[in-house]
Structure formats: C-alpha cells, structure tokens
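Please look over the protein shown here before reading the notes below it.

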Amino acid sequence: MPPQQFVERKRDSAIIPADGEGQYYFDDSGEYIVSVTAKDTAGNISSVYSIEITVEEEDLIPPEISVQGKYRDSYYIGEEIEIVNAVYKDNVNTVKLSVLVYVDSEEAVINDGKVVADRAGTYEIVYLAEDASGNKDTKIFVFDVFAVEVPQRLEYDYSTETIYL
C-alpha cells in the first residue's frame, strides 16, 4: 500500500484509510478528498494526487403514483376519454412521469390530454413514474370500448293505413 493513500472528509477532516487493495468504503454520504501517492519497485514515491468526490446514499425507494380520478369500465367508439391527472411522491423528488395509452397492445395517440376511442377493443392507460435511481411505480387502468349498436330502422308504409283523430 502506498505510504500516503487516504481519504479526508471535507467537513470534519476524518481520515479513512484504504484497504490493502486500494479500495475505499464510505459509510456516510458527503464530500470527500481522495489523496493517493504511488511507490514503484525502486522505492520512488510520486507526488500526492487528490480529487474531490461526493458520496450519495443509494436510493432504493420507488416513487408512488396517485391518480386523481377514475375511469369507467367501458366506453363506446367515438367517445373522448380524458386522461386523469396523476401526482407522484418520492424521497428524492427527481421523477419522470409518463402516461401511455394502448389499444389491443398498440400505442395510441394522446391529444390535449384526451384519447379518442376510435375503435372497439381493450384499452390500457399506463402511468409510469421513474426516479433518477431507476426505481419505478406503475398504475394501469384497463377498460373495453364497444361499437354502438344502432337499432335498425323499420320501414313502414303509412299510405295503407287510415289515421283517425
């Protein structure tokens, strides 16, 4: 191990020695100065090389999505389906929120916060929140869109009927 291989914590100047392999282990998040010297086989020692690093605690907690409304169980062709607002909560607050709509597993287009039920099938609205550490939460709403059944028009010949008042 080189003679001056150490880490100095910027806040309180605590020194954390490297293990025999030159690896450092940090128990706390914070800013550190890593200083290293090298020694060759002839005993020559390099000048000190220092670098500042920031150690952050690993984020293992996924964000939580909360959808601010409801969807019906079914719709009819031609109806506009308004995409309900969603909010997220996360311990880090760097979250990407996406909303996707699928019709029979094919992605549909959302315009002005709405999707038009342009064909019969199974629709899925998928809310996905992903934080900067890659933790995810998903909420999925599934409903069916049906064709409108228009009653047949009855043809009737009124010329043969007598109408009484």
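This is a predicted model: local features need pLDDT of at least 70, side-chain atom pairs count only at pLDDT 80 or more; totals for chains, interfaces and linings use all residues.

Residues are numbered from 1 along each chain as its sequence is written, and side-chain values use heavy atoms, with hydrogens and water left out.

**Confidence**
- The protein has a mean pLDDT (the predictor's confidence in each residue, from 0 to 100) of 82, and 75% of its residues reach 70 or more.
- Strand S1 (residues 6–9) has the lowest confidence, a mean of 51, while strand S13 (residues 136–146) has the highest, at 97; strands are DSSP runs of E, at least two residues, numbered from the N terminus.
- Over residues 11–15 pLDDT stays under 50, and the model has 8 contacts (heavy atoms within 4.5 Å) for them beyond four places in sequence.

**Nonpolar core**
- A nonpolar core is a set of buried (under 20% relative accessible area, 1.4 Å probe, protein chains only) Ala, Val, Leu, Ile, Met, Phe, Trp, Tyr and Cys residues joined through side-chain atoms within 4.5 Å.
- The largest has 20 residues, and Tyr71, Ile81, Ile125, Tyr127 and Phe143 have the most contacts inside it.
- Strands S5 (64–67), S9 (95–103), S12 (121–131) and S13 each give two or more residues to this core, and S12 gives the largest share, 4 residues.
- Beyond four places in sequence, Tyr127 touches residues including Ile65, Val67, Tyr71 and Phe141.

**Surface**

Technical notes: Buried means under 20% relative accessible area, exposed over 50%, partly exposed in between (1.4 Å probe, protein chains only).
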